[in-house]
Amino acid sequence: MAESSEKKPVRVYIDGCFDMVHFGHANAIRQAKQLGDHLTVGVHCDEEITKHKGPPVYTEQERYTLIRAIKWVDEVKEAAPYFCSMELLDENNLDFVAHGDDVTVSAATGVDVYDHMKKSGRYKEFNRTTGVSTTDIVGRMLLLTKAHHQYSEDNLNKDEVGEIGQTQRERIDSFSKEPMDNSTKSPYTGTSQFLATSKKIIQFSSGKDPKPGDRIVYVAGAFDLLHVGHVNFLEAASKKGDFLIVGLHTDLIVNRYKGSNYPIMNLNERVLSILSCKFVSEVVIGAPYTVTQQMMDHFSIDLVCHGITKISPDIDGIDPYEIPKKADKFLMIQSNSTLTTEMVVERIIRHRLDFETRNRIKQEREVQKINEKKMLDEQ
């Protein structure tokens, strides 16, 4: 009997906490998928994360849902063990585990969680996405400053009071008391401004146009700090047609209708997060707040959807959805989730000390490992 000429598919495994799921996580998953044919994503449970890193922001069920919504994911292994093992790979018919080229140590123990896999030869690395980390995003919410998407000395001098009862200046001053020596800062958790490139957008895009006869659905919003409420809404909207277009408002527009120092994620970051969602076909970057007739015609929009959240009037006082409403092309849909971006921020503020401690320990561990590697390289 002739042997099958079919090549055995390469099965890749990647695991993580995937807390505050952002485009850095999505890019890691995208790169891991490129290493093979089938990608299984292991997501740690709340108990394991708390033990090794500190309390997660999102619940494990929320994180499972978010990872399943990423377009490059084939399978999710729930409650995956924190330490990957040969047994785990063999039991799930997986060829190797993949991870980014950042520090892979447990904040609790300082142990390299992939040490055994590296020595076994069943470990592959890809480039970590620079300019973002969960630690960074948590830090933004703890400070609630605009530094992540807009820096203006004039804004700081206004001394506006934020939702956590401190002025912008006080929040920044309290953060600035920490030493700024580069030898005590980790390059993986520091705050930096991410700027999307055309190459990165292309990598995340589906590149597909609507087919003739496709029913085109349009939704718009901030989609800040992607959470299960967003994902459930996008899935529900996608089921109303064949091609879902998401309009992302600029940082300035979002700040106008959400207030405080929102958005937490800048427009460049929000674009990649939304593009990574499997329910989304196309993204309009910096979409106007009001849906005009010109926009309806340009994208051949058949239906405009919105969640059950409040719709603020445009700057001139008009209803931003007046045009599609008059054309009977507007529909309000429920996401079956009550979670909002503001509620996520409230979780952070409520457990502020826990998250500050988590961030500090993680950075200390990373800096220690970086310095150890530097000393070995110099020997």
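Me: Why is Val 138 called buried?

Reply: Val 138 has a relative accessible area of 0%, and buried means under 20% (exposed is over 50%, partly exposed in between, with a 1.4 Å probe and protein chains only), so Val 138 counts as buried. This residue is found in helix α6 (residues 134-143), where helices are DSSP runs of H or I with at least four residues, strands are E runs of at least two, and both are numbered from the N terminus. The C-alpha atoms of Val 138 and Met 20 are separated by 8.3 Å, although the two residues are 118 apart along the chain. Across the protein, 50% of the 379 residues count as buried.

Me: What kind of model do these values come from, and how are residues numbered?

Reply: The model is predicted, so that local features need pLDDT of at least 70 and side-chain atom pairs count only at pLDDT 80 or more, while totals for chains, interfaces and linings use all residues. Residues are numbered from 1 along each chain as its sequence is written, and side-chain values use heavy atoms, with hydrogens and water left out.

Me: What makes α3 oblique to α10?

Reply: The axes of helix α3 (residues 60-68) and helix α10 (residues 228-238) cross at roughly 40° and come within 9 Å; the axes are lines fitted to C-alpha atoms, for helices over the stretch in contact, and angles run from 0 to 180 degrees between N-to-C directions. Angles under 35 degrees count as roughly parallel, over 145 as roughly antiparallel, 65 to 115 as roughly perpendicular, and the rest as oblique, which makes α3 oblique to α10.

Me: Which residues meet where α3 and α10 are in contact?

Reply: Glu 62, Thr 65 and Leu 66 in α3 meet Val 228, Val 231 and Asn 232 in α10, contact meaning heavy atoms within 4.5 Å.

Me: How do you know that β1 and β4 are paired?

Reply: Two strands pair if DSSP finds at least two bridges between them, and 2 bridges join β1 (residues 11-16) to β4 (residues 96-100), which run parallel. Val 12 stands opposite Phe 96 in β4. These strands belong to an open sheet of 5 strands in the order β3-β2-β1-β4-β5, with parallel pairing. The edge strands are β3 (75-78) and β5 (123-126), each of which pairs on one side only.
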